[in-house]
Amino acid sequence: MATKSQAKPILFLLVLVSALIGTSKAGGIAIYWGQNGNEGNLTATCATGRYAYVNIAFLNQFGNGSTPGINLAGHCNPASNGCAFFSSQIKSCQRLGIKVMLSIGGGAGSYTLASKADAKNVARYLWRNFLGGSSRSRPLGDAVLDGIDFDIELGSTQHYDDLARYLSAHSKRRRKVYLTAAPQCPFPDVFVGAALNTGLFDYVWVQFYNNPQCQYTSGNTTNLLNSWNTWTSSINTKKIFLGLPAAPAAAGSGYIPPNVLTSQILPVIKKSSKYGGVMLWNKFYDDSNGYSAAIATSV
């Protein structure tokens, strides 16, 4: 049994260990859902317990006077208001503490912002139809999404900073509008670089794939880690995530085998105070490859 004099340093060590555990950089996994009808529904996606964030993809038509349009591949037909039934599924995810975003943009579609006024109109549409506002034609029903994800890969590079400001203005103390983004890893991102400079984004999941100059290649982590350091030291955001393809077929290049990720990359990037976790493209490929299950305890 320890004497009183011995007990003090032991108690100090216990407190120190407890504090270190409390501040360890445990991250979460973000997943993109919506672009393959064979990936399961939102309820099943969230019930896996592996994801902390779900990006519903995509609202791929908006701006420049066009009628906004959502495309959820084989999940539902938005033209006939056939996606509103996802409202209850979104709410089931949120009850589990999972943040659900609407991702705007994507690699295919028709979208652009023509002016600051156009950005304001798009922000108004998003608020009324997916966030805390009201509209007769909410594509995903009455569920209030947690925020908007910027996955901008086409069209004009202008006015996304304006869109971010207008959306952020809707945040209230009791109901925050989260802003997230999925820039390409070459820094700065040509489409959302100016938006990220506003400092309004909560989570940024950088796409470290399809860009050889800043991604993993077989046996070489240098380019990826250098790019990670650039991102974490250059933008003002709460958390940055390592965006990866969930299977070799999910992207043209940049796939990282799970054992390489957990042994060579995560231990390094988790040292950053901005480390938030891993983003995966996408749920269908994650199902086919079991990627999130393989890395979950290491993220």
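The paragraphs below go through the disulfides one by one and then turn to a glycine.

A word on the ground rules: this is a predicted model, in which local features need pLDDT of at least 70 and side-chain atom pairs count only at pLDDT 80 or more, while totals for chains, interfaces and linings use all residues. Residues are numbered from 1 along each chain as its sequence is written, and side-chain values use heavy atoms, with hydrogens and water left out.

How many disulfides does the structure hold? There are three, where a disulfide is a pair of cysteine sulfur atoms within 2.5 Å. If you count the bonded cysteines along the chain, the pairing pattern reads 1-4, 2-3, 5-6.

Start with Cys46 and Cys93, whose sulfur atoms sit 2.1 Å apart in a disulfide. This pair links distant parts of the chain, 47 residues apart: Cys46 belongs to helix H2 (residues 42–47) and Cys93 to helix H3 (residues 86–95). Helices (H or I, at least four residues) and strands (E, at least two) are DSSP runs, numbered from the N terminus. The torsion about the S-S bond is about 95 degrees, so the link between Cys46 and Cys93 is right-handed. Are its two ends buried or exposed? Cys46 counts as buried because its relative accessibility is 2%, and Cys93 is buried too, at 0%. Here buried means under 20% relative accessible area, exposed means over 50%, and partly exposed lies in between (1.4 Å probe, protein chains only).

Next come Cys76 and Cys83, which form a disulfide with their sulfur atoms 2.0 Å apart. The link of Cys76 and Cys83 is right-handed, with 95 degrees about the S-S bond. Both Cys76 and Cys83 are buried.

Now move along to Cys185, which a disulfide joins to Cys214, S to S 2.0 Å. Distant parts of the chain are linked here as well, 29 residues apart: Cys185 lies in the loop between strand E7 (178–181) and helix H6 (193–196), and Cys214 in the loop between strand E8 (203–207) and helix H7 (222–234). With a torsion of about 75 degrees about the S-S bond, the disulfide of Cys185 and Cys214 is right-handed. Cys185 is buried at 1% relative accessibility, and Cys214 is buried at 3%.

Finally, look for Gly199 in the loop between H6 and E8. Gly199 counts as partly exposed because its relative accessibility is 26%. Gly199 and Lys238 are 39 residues apart in sequence, and 8.9 Å apart in space from C-alpha to C-alpha.
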